[in-house]
Amino acid sequence: MGEQQQVQFPQEVIDEYAALGVDLPALFSAGHLGTRMGVQILEASADRVVGTMPVEGNTQPYGLLHGGASAVLAETLGSVGSMLHGGSSKIAVGVDLNCTHHRGARSGLVTGVATPVHRGRSTATYEIVISDEQDRRVCTARLTCLLRDLKPGDGERAGTAG
């Protein structure tokens, strides 16, 4: 599925999370599931998160991109945006995911772009548009995350996500 890319963060952001025991670059590797599915996060900020995923290896029996694979990409990107919005004192936990599948994809890469719909103190909602290599919309998703306060030990669990 290819080698995992690391998102580049300013050193002060890495240091802020490291002080909490969170390995930020590992956290942004999309975790074990994302790694198995070939998810790569290319750009990450609270305003916009971009990532890709190969269709190959993530298909259903008819050879089309599996809807669940689109959901994994969408939840990964929306969660990253929510976490960055919440900052180092919050944990983003997905509580609602809605996906509408518009067309099938049989090969190549799909690209997801997550942008905020709502960014509050306790929740964040992102719209994620997933497109194929011809820039045709494959899926539109909406993810709402609860932003809860970081508790002791959360950093240790999050830091082992990669």
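Student: In what order do the elements of the protein run from the N terminus on?

Tutor: The order is α-α-α-β-β-α-β-β-β-β-α, made up of 5 helices and 6 strands. Helices (H or I, at least four residues) and strands (E, at least two) are DSSP runs, numbered from the N terminus. Residues are numbered from 1 along each chain as its sequence is written. This is a predicted model, in which local features need pLDDT of at least 70 and side-chain atom pairs pLDDT 80 or more, while totals for chains, interfaces and linings use all residues, and side-chain values use heavy atoms, without hydrogens and water.

Student: Why is T140 called buried?

Tutor: Buried means under 20% relative accessible area, exposed over 50%, and partly exposed in between (1.4 Å probe, protein chains only). T140 has a relative accessible area of 15%, and is therefore buried. In the protein, buried residues make up 43% of the 162 residues.

Student: Where is T140 placed, and which residues does T140 touch beyond four places away in sequence?

Tutor: T140 belongs to strand 6, residues 137–149. Contact means heavy atoms within 4.5 Å, and beyond four places in sequence T140 touches N98, C99, T100, H102, E127 and I128. T140 and C99 are 41 residues apart in sequence, yet their C-alpha atoms are 5.8 Å apart in space.

Student: What makes the pairing of T140 and R137 a polar contact?

Tutor: A polar contact is a pair of N or O atoms within 3.5 Å; within protein, one must be able to donate a hydrogen and the other to accept it, and residues adjacent in sequence count only if both atoms are side-chain atoms. The side chains of T140 and R137 make such a contact at 2.9 Å.

Student: How many disulfides are there?

Tutor: A disulfide is a pair of cysteine sulfur atoms within 2.5 Å, and the count by this rule is 0. C99 is in no disulfide, for the nearest cysteine sulfur, that of C139, is 4.5 Å away.

Student: Are C99 and C139 buried, partly exposed or exposed?

Tutor: C99 has 24% relative accessibility, so C99 counts as partly exposed. C139 has a relative accessible area of 0%, and is therefore buried.

Student: Why does D135 count as exposed?

Tutor: The relative accessibility of D135 is 65%, so D135 counts as exposed.

Student: Why does L146 count as partly exposed?

Tutor: L146, found in strand 6, has 35% relative accessibility and therefore counts as partly exposed.
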